[in-house]
Every structure is written in C-alpha cells, then in structure tokens.
Amino acid sequence: MTNGWIDIKNTDMMLIMGGNPAENHPCGFKWPIEAKLHRNAKMIVVDPRLTRTAATADLYLQIRAGADIAFLGGLINYAIQNNRIAHEYLVNYTNAAFIVREGFKLPEDGLYSGFDAEKKVYDKATWNYEEGGNLTGKAVAGAAGDPPAKVAAAKPGGAPPPPMLPPKVAYDLSLQHPRCVFQLLRQQYSRYTPEMVERITGIPKDQFLKAADLFTSIRKDGDMKKVATIIYAVGWTQHSFGTQIIRTAAMLQLLMGNVGRAGGGVNALRGHSNIQGATDMAGVFDILPGYLKMANPADTDFAAYLKRITPTAAKPDAWDSFNYWSNTPKFAVSFLKAMYGPAATKQNDWAFHYLPKIDRNYSWVNIWNDMYEGKVKGLFAFGMNGVMIGPDSQKNIEALKKADWLVVCEVYPDETSEFWRAPGISTDEMKKINTTVYRLPGAGFAEKDGTFVNSARWLQWKNVALPPPGQAKVDQEILATIFLKVRELYQKQGGKFPDAILNLSWAYTDPKNPSLAEAAKEINGKALADITDPKTNQTIKAGQQLPGFAWLKDDGTTMSGNWLYCGSWTEAGAMTQRRGTEDPSGLGIYPNWAWSWPMNRRVMYNRASCNLDGKPWDPSRRQVWWDETKQSWVGNDVPDFKPDSNPKDHMGPFIMNPEGVGRLFVPLGAMADGPFPEYYEPIESPIANPLHPNQNNNPVVKKYKTDMDKYGTVDQGYNVICTTYRLTEHYHYWTKNNPMNVQLVPEPFVEIPVELADKLTIRGGDKVKVTSARSTYIAKAMVTRRIRPMKIDGKETFQIGIPIHWGFRGIAEDEGKTAKTLANQLTPTVIDPNAFTPEFKGFLVKLEKA
Amino acid sequence: MGTAVERFDDKARNIFDRIGTNDVYQGELLRHRPYTRFLHWMVALFFFLALFSGFGIYLPWLFRWFTPIFGGGALARSMHPWFGVGFCFFFGLQVLNWLEPMRWTKADTKWTRGLKNQILKPEKLEPPETGFFNGGQKVQFWEILIGSAVFLITGIIMWVGTETFGRITVAVSYVLHDLSALIMLFGIFIHMYLSTFGQPGTFHAMTRGSVTEAWAWTFHPAWYKQVTGRDPRQAYEEARRQMEAGRR
Amino acid sequence: MSDRRTLQIKQISAHPGPIPGEGVQRDLEVCKLVDTTTCIGCKACEVACVEWNDMPFSVTTFDNTYQTMPETRWNFWNLIKFNEHQKEDGTIQWLMRKDQCMHCADPGCLRACPADGAIVQYSNGIVDFNQENCIGCEFCVSGCPFNIPKFNQTTKKVYKCTLCSDRVGQGLEPACIKACPTGCLKFGTKDDMKFIAEERAKQLREHSGYANAGVYDPQSIGGTHVIYVLHDATRPELYGGLPKDPQIPWSYTVWKWLAKPVLGTLALFGLLGVCLHYVTVGPRKPQPEPPRKER
C-alpha cells in the first residue's frame with residue numbers, strides 16, 4: 001500500500017476492484033466502513049461476483065474476470081475527456097510533460113514499437129524520453145519535423161550502449177506537444193470508449209458511465225480537496241497482464257492527483273499476514289532484501305553490478321530530482337557486511353561474489369516446470385502448500401513424483417507432503433514413486449515471535465502465545481540446524497566454493513536457535529566503526545544500532561540486513577514493539593504504534609499532498625508541509641522527501657524514480673510489455689480482443705511447452721469463464737483442519753448463476769463437474785443471483801467461481817465428504833511477464849452436472 | 001366393527017374374569033367385572049399422574065408443590081406426556097368396553113332435563129327408565145372422550161414442537177390442552193363426590209364389583225329391572241314395608 | 001453490584017442556583033446495535049460466540065448459501081442470515097443480518113415459561129435462561145416471535161443467547177461485539193444505541209439513497225435490547241424472516257394472566273360445589289333408608 005489501512009478512513013471515494021477486502025481482509029475493512037460512516041465516502045466495487053464487499057458498496061458493477069485494464073483505461077479516457085484531472089499535479093508531479101522519443105509507437109495493432117516476434121520480446125530503445133530542454137509553446141515546431149533535442153547524440157557510431165535515460169529530459173509544460181506523455185496517454189486511451197468498455201468488460205455503458213462519473217466526481221471543476229483511493233489485491237495481480245492492471249490504476253491516480261495524499265493512493269492488500277515482509281526480505285527470486293536487484297552473470301565485479309543497478313537522475317533541467325536509489329551502493333555494501341561480516345572487505349568487493357548470480361527466471365511456475373522437466377531435483381517447502389497453490393496442481397504432483405527428495409515443514413499433514421496419495425494414484429503407482437519425503441514439524445504463527453509486516457508496511461512485533469507442541473520447532477531452529485550441518489560438511493569435505501557458506505555471518509548467541517530479536521537487530525543494522533554526521537556532528541559509536549538508513553555507508557563502516565528496515569530496532573529499542581495509541585493529527589497516523597517502513601512514514605510520497613508551494617491541497621487533512629521559517633518540511637507524518645528541499649527548487653515528490661515524478665509512461669525496461677498498459681485478453685478467453693483481434697493476448701507472454709501444459713478454447717467446448725478466490729471463513733489450505741472453520745463452511749462448492757444452472761438443469765446442492773483443458777473439479781453447486789449472465793462483445797457469456805480451500809487432506813476430506821479434487825487443478829500455467837504471477841483468474845472451463 | 005370390538009372386549013373380560021373375582025353376596029348384584037374395574041383404575045391412575053405432573057407445570061403457584069412428586073420440574077415435564085399416553089391408552093380400551101352401555105337414549109335426555117330437580121330436591125328414586133348408566137354419567141363419559149381427544153391431539157402438537165407445527169399452532173394447543181384439563185377436572189370432582197360421599201354404596205361397584213339391590217333399584221331402576229326381572233318400584237316398596245314391619 | 005444511583009449528579013462546582021440535572025439518572029438498560037448496512041457477514045461474531053460460551057462444534061452441511069446453518073442451534077446462538085434480494089430495478093442486494101436473541105422488553109419466552117426461575121429478565125434488559133430451573137417444556141420456543149430458544153435433546157433443556165450476561169455483569173461488552181471487525185456491532189445503553197441507529201438511518205436516507213432506511217425496534221413487544229439498522233425498515237422480513245410486527249401469541253397474554261386463574265378457580269368450584277351439596281342437600285342413599293333417629 002502506498003498509504004495504510006487506517007488511512008482509508010480519510011478517503012472520499014473508493015474504487016475496490018481486483019480484491020474482496022470484506023471477505024479476505026475483514027479487519028482492515030473497518031476503515032472503508034469508517035470512511036462511509038464519517039465522511040459519506042462512496043464505494044464503487046467492480047468484481048466478477050457480488051461479493052460481501054460489494055454488498056456494502058454504493059455502486060456495484062459486475063465485470064468479466066480479466067477485463068480490468070479495459071475498465072480502468074475507460075476511466076482514464078473519461079477523466080481526460082471530461083477534464084476531471086489534477087492539472088497542477090499532473091504537470092509538476094508526473095512525467096505528463098516529458099517528451100517521448102521519436103519512433104515510439106502506440107499499440108493500435110496490439111504491439112508497441114520494437115517487438116521481436118520470434119523471441120517474443122521488445123527492444124525497448126524507443127521507449128525513452130527525448131533529451132532536450134523546455135519545449136513549452138514550441139509544440140508545433142517540435143511536431144513539424146526535426147526533433148529539437150539531439151537524438152543523434154544519444155546514438156554515436158559503433159555498438160550502441162545499453163539504453164539509458166537522458167539526464168536532461170525535453171518537456172512541454174503546456175502538455176500540447178504531440179509526443180509528450182500526456183498526449184500519448186490521451187491517444188492511447190481514447191480507444192477505450194464506453195462502448196469499447198462495454199464490449200470487453202460486459203459492463204453496460206450506462207453503468208460504466210455512472211461509475212466513471214462517480215469516481216471522477218472528486219475532481220469536478222478542478223477541485224483538489226477531495227481524494228479517491230484504489231484498493232486491490234490478487235484479483236489484479238493474478239493475470240497474464242497483472243502488473244499492467246496495477247499500472248493502469250496508478251496512472252489513473254496520478255492523473256487525478258490522488259497519490260501521496262491521505263485517503264488516496266494505490267493500495268495493495270496483501271493476502272497473507274506477512275507477505276509484505278516476505279517481499280521486503282527478498283522472498284522473490286530476482287531481488288535481495290530491500291528491493292536491491294539480484295546479481296546476474298554479466299555483473300563481472302561489484303562496480304559493474306552497482307553501475308547496472310544504480311540509476312542516475314533523468315529530469316527536466318530546471319527541476320530537481322532526489323533520485324534516492326542513487327544511494328544503492330550504501331545499501332548494497334551494508335547488506336553484504338550483514339551477510340558476511342568481517343569476510344566482506346573492500347579488497348574482495350565486499351564478498352559480492354559469494355552472492356548467487358541468477359542466469360534465468362526462477363519464479364514459482366518455472367521451479368515446478370523445471371522439476372517436471374527433471375532439472376530441479378529437490379524442494380524445501382516451508383510455510384506453503386505447493387501442490388494446492390498450483391497453477392495446474394496436477395503438474396505439480398507429477399513434478400514431485402520426479403523429484404529425488406522433498407522436505408515439508410508444516411503444522412498439518414498437507415497435500416504437498418502427501419502428494420503421493422493424491423486421488424487417482426493407485427497403490428501400485430505409489431510404489432513406483434521414489435521421491436523421499438521428509439516431514440518436519442513446524443510451529444504455528446502463535447508459537448513463534450518476530451514481526452508481521454502488514455499491507456500498510458508496518459512491522460509489528462508479536463509475542464509467543466504458546467510453546468510449540470511436542471516435537472514441533474520454530475522455523476529458525478530448523479533452518480539453523482540444517483545450515484550448521486551443511487557448514488560442517490563444507491568444513492570437513494571442502495567443496496567447489498565453500499567460502500560463501502563458511503564465511504556467512506552467524507554470530508548469534510545460540511547458533512542452533514537464533515533468537516528473532518537478534519535477527520531483527522541485524523536486519524536493522526549497526527555501526528561497525530564510529531561514524532559521524534558532518535552536518536549535525538552526531539556520532540554513532542561502533543556497535544550501536546543505526547537510527548535510520550540515512551546513516552548507511554558504502555565504505556564498510558555500517559551493516560544492515562535490509563536498508564528499508566533500518567530504523568526498526570534502534571538504540572532506543574524495538575520500534576516494532578511500540579504500542580502508542582496517540583494520534584495527534586486525527587488522521588490515523590499513530591506515529592508511535594509499531595514502525596512503518598520507510599523511516600516510519602505512514603503515507604508514501606506525501607510531498608505530493610501539497611501543492612507546488614508546499615501547502616496541503618486540503619487544509620483539513622494536513623500530512624506534511626513546507627515550514628518557511630524552519631526552512632524544512634515538517635508535518636504530522638514523516639515527510640517522504642529531502643527535508644530541506646525548498647519548493648522553489650521543484651524537486652519531484654516521487655523520490656524513488658530517477659525522474660523525481662510519477663510515471664504515466666514507463667521508460668525503458670521497467671515493464672516487459674509496454675510503457676502504457678494495453679488491454680489483452682486472458683490466455684483463455686471467450687472472444688477475440690475487440691481492440692486488435694490479431695493480437696489477442698499479451699505478446700510477451702510465453703506458454704509452457706510440456707505435455708501437461710494445455711490451454712483451452714471456446715471451440716473445444718470451454719465456454720464458461722471461471723475465477724478462483726478465498727472465503728472469509730477459511731484461510732488458504734489449512735483451516736480445513738480446524739473444526740471451527742469447517743462448521744462455518746463445511747464443503748467445497750462452485751458458484752453458478754441461476755440462468756446457467758437453469759440451462760443445465762442444475763439445482764443448488766447438486767454435484768457439478770467443472771472441466772478445464774487441464775483437469776476436472778467436482779463440488780456442489782451454489783446457484784446464485786449474485787453472478788449474472790453477461791454480454792461480452794455481444795455474446796451471452798457466463799462466469800462461475802470456485803473457492804480454493806479444499807484438497808485431499810482435511811476434516812471434510814478425511815470423512816469422505818468431498819470429491820478431493822483441487823481448484824488449482826483447473827488453472828493454467830501462464831504467468832505475468834513482469835511479476836511472474838500465474839493467471840489464476842479468468843480461465844475457461846465447461847460445466848456439467850456430475 | 002362392532003362385532004370385532006365385541007369379540008375383543010369379550011375376550012378381555014373373560015381373561016380378566018379368570019384373574020379377578022366377582023364376589024356377589026345375597027342381596028347384591030354384579031355391576032362391574034374385573035376388566036372394567038382394572039381399566040377404570042388404570043385410567044384413574046394415569047389421570048392423576050398426568051394431572052399432578054401437568055398441574056405443576058400449569059400453575060406457577062403449584063409448581064413447587066407438585067413437581068417434586070416426580071423428581072422435579074424437568075422429570076415432571078418429561079414424564080407428563082407418557083402419563084398422558086397411558087391415560088389415553090386405557091381410556092381407549094374403556095371406550096371400547098363401554099361403547100354399548102354409553103349409547104345415548106331418550107331416557108338420558110329425559111334424565112338430563114330433570115337434573116336440576118335431582119340435585120336439589122332428590123326424589124327418592126331415579127326415574128324408572130334410568131339404565132345401567134344415567135345421563136349424567138354418559139355426559140361425563142363423552143366429555144372425557146372428547147377431552148382426551150383434545151389432550152391427545154394438542155399434546156402431540158406440543159410434544160413434537162414448533163418446528164413441525166409452527167409457533168401459533170403450538171401456542172393454541174397449549175391453551176386447548178389446559179382448557180380441556182380444567183373441564184375434565186371440574187367433572188372429576190363431581191364424579192368422585194357422587195361415587196363416594198354423594199351416593200354411598202357406589203364406590204363398592206368399582207372396588208369389589210358389586211352393588212346392593214337397593215342401590216340398583218334406587219339409582220338404576222331400569223338396569224335393576226333388566227338384571228333381576230323384577231319391578232324396581234315394587235321391590236322398593238316391598239323393602240320399605242319390610243323395614244317398617246321390622247321396626248314395629 | 002453497582003448502585004443504581006451512583007451516576008446521579010449531586011453537586012456542581014461554582015454553580016449558582018438550583019443544580020441542573022440533579023437526580024437525573026442515566027438509562028441503565030443495555031442494548032446491542034446491529035447495523036446491517038455495514039455488516040460484511042464475516043462470521044467473527046459467530047465464532048466469538050461459540051468460543052466464549054465454550055460450545056461444542058456443530059456439524060453442518062452445504063445448503064446453497066453462505067449461511068452457516070438454517071437457524072440458530074442450542075449450541076450456536078449467533079447466526080448471520082444471508083439473503084439475496086432482487087430489487088425492483090433488477091439489481092441484487094445481498095442482505096446480511098446477525099440473528100440472535102433480541103432480548104425483548106416484553107419477552108414472549110418468559111411469558112410462556114411455566115418453570116419457576118428458568119427465565120429471568122434483568123433490569124438492564126437482558127433476558128437470560130437459567131438451565132438449572134429449565135424443565136425443557138419448550139413453551140418458550142412457541143412464545144418467542146424470533147424463533148430463538150433451542151432445545152437440546154441430550155440435556156432436555158433450552159438454550160439461547162445470554163447477551164453475554166456474564167461479561168456484561170463484569171463491565172465488558174458481549175463477545176460478538178468485541179469480535180466485530182467493521183464496528184457494525186455496537187453495545188451501550190439503549191438510549192445511546194437508539195440515537196446512533198437513528199443517525200445512521202438518517203445518513204442512509206440522505207446520502208446513500210435508501211429512502212426507507214430505518215431502525216428496527218419493534219414496539220409491539222415493547223422494543224428490544226437488540227436493534228437493527230435496516231436498508232429498508234418497511235420490509236424487515238427480507239432479512240431472513242425478521243417479523244415486521246412481532247407478537248407474543250394472544251394465548252399467553254389472555255390465558256396465562258387472566259383465564260388461568262379465573263378458570264382454575266372455576267374448576268375448584270366443582271370441588272366447592274360438591275362439598276356444598278353434601279352439606280346442604282346431603283347424599284343420596286340407596287332406598288329405603290333406615291328411618292331417622294327421632295329426637
């Protein structure tokens with residue numbers, strides 16, 4: 001979340017889409033309700049089903065699963081057409097005025113410029129800004145012919161260097177230049193007319209217009225006081241274009257001036273209690289803690305690595321850019337010092353070469369694909385149920401059959417550790433499975449301490465409620481035991497490259513069971529030598545905890561496991577354990593409750609909550625502001641900005657971008673599939689893309705090629721759109737072991753529109769069979785009016801929905817009350833090219849009476 | 001039906017005759033055979049069990065007096081319907097047993113009309129056409145029959161509960177059940193009085209089964225005539241003369 | 001136990017003249033407010049109720065609904081009722097209402113109950129069952145307009161929501177209130193809850209387009225100590241059969257408090273009558289009677 005849970009109470013308008021917070025985040029849903037109760041805020045819910053969130057909405061629209069970009073693109077178009085945009089914000093805080101290089105082409109035919117049809121990748125050289133100066137008022141000249149900026153200078157003779165952002169970007173503050181970002185944006189989304197939205201999404205035009213008018217009404221007549229928020233979850237990420245859906249939302253929010261403001265922002269609701277922490281701490285293959293990029297084989301030394309990952313400012317000459325990522329070397333060196341301690345020295349490039357270098361995509365679906373192809377021989381499964389997660393669970397089961405070993409650390413017997421007894425595997429077949437399965441008794445969340453990082457980026461410490469029962473052990477003890485054994489083996493036997501293991505810093509009081517408090521302090525980081533801030537003359541002694549990441553050094557005098565968390569456990573103690581309930585501003589900031597990264601800021605980019613002069617857009621919701629007397633940014637929240645940057649210097653509020661401003665247009669390689677989001681059909685879709693029938697799907701999405709990877713079409717009879725989701729009453733795949741949850745929702749079911757059920761003579765409670773190109777799922781029918789038939793591109797189309805919670809181990813399962821099929825046996829192995837998230841939502845199935 | 005019922009009754013009466021005895025002495029007449037007496041007392045037993053268990057539940061100020069008899073309110077409540085079932089069962093048999101003598105006749109209508117006279121200024125003898133049962137007894141019999149039908153139906157409704165019959169039906173049943181009980185209780189007071197203090201000699205008919213001839217010609221003259229063949233009035237006059245002669 | 005009069009104003013500092021509000025007592029009746037318009041059907045209240053009251057788990061079966069079970073059970077006192085309602089304009093409303101004992105001001109269960117001390121109504125409005133005294137007659141079941149009391153076949157007793165009288169007695173809110181994540185459940189004095197509810201209903205009418213929004217606090221039974229804010233107060237039956245005009249069966253009113261004693265006395269008149277008859281008219285003996293003794 002750019003903002004936070006409590007901050008939602010400050011909003012005037014909510015668009016909840018691609019998420020179902022009432023069901024999946026019921027506690028956080030208090031704040032949307034507060035906004036309704038105390039601000040008369042309006043709530044628009046767009047979802048394939050009338051969910052419990054939609055039940056409390058002021059306006060609910062039923063959308064086809066996966067059609068979100070069309071809807072949001074339509075909103076962008078509506079906002080521009082009706083001038084419901086934040087003009088001052090747009091010009092100064094986004095790259096709307098930046099000029100894009102000549103040669104860049106919008107995807108009228110479904111493809112941006114630079115597409116390599118064979119490799120299915122883009123050459124992104126044209127996705128860049130034009131170098132130059134202020135072109136305001138010179139629009140016509142610029143458009144007429146020769147580009148004013150020296151494009152030629154950017155490409156001298158010989159082999160072209162990897163494209164870089166120009167340090168000085170050409171811009172047109174009147175936004176009239178035909179190649180300025182705003183004009184391109186307008187052109188791009190002018191195709192997303194209400195009629196087109198209706199054809200793609202199935203939302204009738206009048207309803208769409210009602211929603212568009214309502215959502216953009218906060219910018220009626222140029223008023224900047226009101227704020228709208230966008231709230232989403234995995235309903236947006238789990239598509240073959242998921243990242244671009246979120247981009248569209250972010251662009252809409254930038255366009256309307258809602259980012260950085262209390263009650264605004266783009267707010268991702270995380271699906272697990274600590275998924276934010278997992279991401280921050282590099283639970284993803286291509287990043288290191290704190291979102292530092294992972295090294296790759298081309299990074300021949302540390303300097304080359306730093307050069308690749310440290311951006312340089314790219315901005316209009318007259319403006320300023322903080323470009324906070326320019327501090328990357330400090331973060332990286334401090335991280336390596338935390339990892340390898342004294343073994344990391346300047347001489348050995350801070351032990352940079354101990355880090356693994358990733359040569360290809362190791363994302364979730366690829367791991368299973370590689371295992372299925374025999375390349376991955378073993379798997380550690382901690383805190384997740386890989387078979388149930390899918391996609392295409394059957395493929396995962398088949399993959400595990402081919403593995404040599406599997407280690408599962410769990411609190412219940414689960415489908416992954418018992419993949420060998422999945423339905424359909426006979427006793428004879430079981431005997432042929434040679435995978436050795438090791439089951440480790442893990443501890444439940446209440447049996448361990450440590451922090452949860454919630455969607456609002458708060459690190460909150462929790463205490464142990466109960467000791468782990470029986471032989472169960474906390475994760476760190478299990479991991480430490482494994483690590484110490486591996487290190488011992490390396491010590492005894494040597495090996496190809498033992499240094500990275502032998503030199504790993506492991507300075508815990510109890511090496512066999514490191515306390516999480518110690519780990520948390522290590523993650524925060526400390527000074528390794530006395531360091532002094534030349535401005536304030538403040539000194540931090542060697543060994544003291546660092547108060548914040550501004551203190552990090554690239555000379556080896558500081559260490560920090562994750563620069564973003566620096567400040568969470570200082571000399572003053574564990575900030576994560578704070579429980580102060582004072583909220584002086586009344587904005588729900590609660591600065592003394594736990595600790596929020598970065599540097600306890602509750603709303604990110606909060607400089608954007610003020611106008612150019614540094615005065616809040618809405619005086620009744622004052623977050624931060626420029627104090628002329630102090631010559632400093634001050635406020636109720638911690639300013640997310642260079643504190644002494646005078647508004648006159650025009651430093652951009654989006655300090656993590658080299659431009660300093662929000663990106664409506666994403667230059668270069670940040671996105672794999674285009675600088676603007678374009679609507680593509682899901683991989684399995686019932687219609688040809690109405691925008692460009694010849695380019696139906698996301699062009700850079702690759703399909704997997706094993707015999708298990710099958711994709712269905714309407715012609716093959718897969719004519720119903722299916723989506724998957726969770727229920728309030730269950731938590732993923734483990735509450736099916738808890739009788740309390742089981743009594744609330746006892747059995748698996750499939751939600752089916754009344755009209756479709758009538759056609760197939762299915763009645764509520766009948767057993768139905770849902771078949772995709774991959775497998776079959778059997779459950780009882782829940783016949784409902786909460787999903788209506790839709791007209792998609794003029795064709796009557798039905799959607800059904802499947803909650804994902806049931807497998808082949810659990811109370812109902814063990815009592816023989818279910819068919820023991822898994823929802824994710826249906827889902828396709830297709831991933832988003834940016835975040836590599838599988839397309840769990842919006843695939844094709846056929847429905848029959850079982 | 002009649003014959004089947006008669007066969008059943010005859011069989012039952014004969015079986016009970018073998019178990020029980022009919023000691024009829026000189027100057028006495030057999031009035032109730034053991035089967036009838038057995039049924040009567042079973043009905044009485046279950047009636048009182050049901051009455052007391054029911055009344056404890058019915059009247060709050062009797063709750064603490066009556067329910068302990070049955071081991072507390074909960075037990076009283078759970079046994080009460082079974083008492084009711086017992087009552088209905090035995091009374092049902094009694095109905096079959098008495099279907100014939102309880103048939104309403106013109107004599108009963110006449111008897112009923114003279115009721116007031118009989119209560120307040122008792123004639124020495126009942127009207128000569130008064131048979132085995134008089135009109136009052138028959139009224140009570142039919143009242144109990146109707147009353148127990150009400151008991152049974154409403155009782156079952158209350159027993160099975162609101163889920164099957166709905167809340168209002170149960171609530172109305174509750175009232176009818178109690179109303180029926182009150183009417184029956186009113187009748188039972190009269191019945192007990194007349195069979196004991198009110199008409200001495202009657203009680204013996206239900207204990208040993210016999211009554212004196214004098215009792216018979218006084219209260220059920222037509223029956224007397226039927227079983228002895230003598231004229232009740234004459235028999236009475238004879239007895240009176242003898243008694244007067246004896247005094248002299 | 002708190003003294004009823006502790007919150008009366010006794011004196012006020014530096015106030016000339018008569019003391020304002022002297023002797024005025026705050027309402028001590030408690031009330032649970034359920035705002036159905038902000039309920040998200042998350043069932044936290046159901047779980048909290050089962051847990052706090054330490055009740056055994058229920059076996060449930062799929063029934064074409066998100067609703068946990070069709071009605072409350074003896075061991076499941078708090079049930080959110082889910083109803084899909086198609087409005088006149090064709091749109092669907094998914095209504096969720098937390099069903100539990102309403103703690104009526106005039107409790108039908110208490111009226112119907114024949115067992116001494118099995119049902120009590122506290123001065124704060126809570127209607128509580130005392131299973132120790134319950135005889136399991138289930139009269140309360142028919143007396144209740146909301147189908148709340150439920151019979152346990154094993155213990156032969158009837159159970160229902162206690163409004164957490166054990167918690168409330170200690171100054172805590174009921175477990176369901178504590179668990180509610182959205183704040184659609186509130187607990188306080190009846191006056192306060194009524195005020196909040198009316199304000200919310202007004203907001204719904206003025207800002208959310210629910211012209212018929214209102215508060216459910218049925219006066220036919222003297223009001224309840226659980227009140228609802230409804231999107232459409234004119235049609236409470238849409239919310240899982242909430243009766244528009246709940247009634248206690250006439251039989252309990254007329255029968256129990258009037259006819260029972262009167263007719264009971266009449267039945268006793270039978271006894272009295274025969275006694276009088278014996279004394280005044282005297283018994284009828286078989287004739288001829290022996291002559292009376294002359295004096």
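Among the two pairs of chains that touch, which has the most contacts? The most contacts are between chains B and C. Two residues count as in contact if their C-beta atoms, placed from the backbone, lie within 7 Å.

This is a predicted model: local features need pLDDT of at least 70, side-chain atom pairs count only at pLDDT 80 or more, and totals for chains, interfaces and linings use all residues. Residues are numbered from 1 along each chain as its sequence is written, while chains are lettered from A and ligands numbered from 1 in the order in which they are written.

## Chain contacts

Chain A and chain B do not touch. Their nearest C-alpha atoms are 22 Å apart. Chain C touches chain B, with 33 residues of chain C in contact with 45 residues of chain B. On that side of chain C, helix 3 (139-143) and helix 7 (250-280) each give two or more residues. Helix 7 of chain C has the largest share, twelve residues. Helices (H or I, at least four residues) and strands (E, at least two) are DSSP runs, numbered from the N terminus.

Chain C also touches chain A. This contact takes 28 residues from chain C and 29 residues from chain A. Helix 1 (44-52), strand 2 (79-86) and strand 3 (92-99) of chain C each supply at least two residues to the side that touches chain A. Helix 1 of chain C gives the most, with four residues.

## Sheet in chain C

Four strands of chain C form an open sheet in the order 8-1-10-9, with mixed pairing. Two strands pair if DSSP finds at least two bridges between them. Strand 8 (185-189) and strand 9 (214-216) of chain C are the edges, each pairing on one side only. Neighbouring strands are turned by 25° against each other on average, direction ignored. Axes are lines fitted to C-alpha atoms, for helices over the stretch in contact, and angles run from 0 to 180 degrees between N-to-C directions.

Inside this sheet, strand 1 (residues 30-35) and strand 10 (residues 226-230) of chain C run parallel, joined by four bridges. C:Val34 stands opposite C:Tyr228 in strand 10 of chain C. Helix 6 (residues 190-207) of chain C packs on the sheet and touches strand 1, strand 8, strand 9 and strand 10 of chain C. The direction of helix 6 makes about 135° with that of strand 8 of chain C.

## Features of chain A

Chain A has an open sheet of three strands in the order 13-14-21, with antiparallel pairing. Its edge strands are strand 13 (450-453) and strand 21 (595-596) of chain A. Two bridges join strand 14 (residues 458-462) of chain A to strand 21 of chain A. A:Leu459 has A:Trp595 as its bridge partner in strand 21 of chain A.

The axes of helix 15 (residues 364-372) and helix 17 (residues 393-402) of chain A come within 8 Å and cross at roughly 50°. Helix 15 of chain A is therefore oblique to helix 17 of chain A. Angles under 35 degrees count as roughly parallel, over 145 as roughly antiparallel, 65 to 115 as roughly perpendicular and the rest as oblique. In helix 15 of chain A, A:Trp368, A:Met371 and A:Tyr372 meet residues of helix 17 of chain A including A:Lys395 and A:Ala399.
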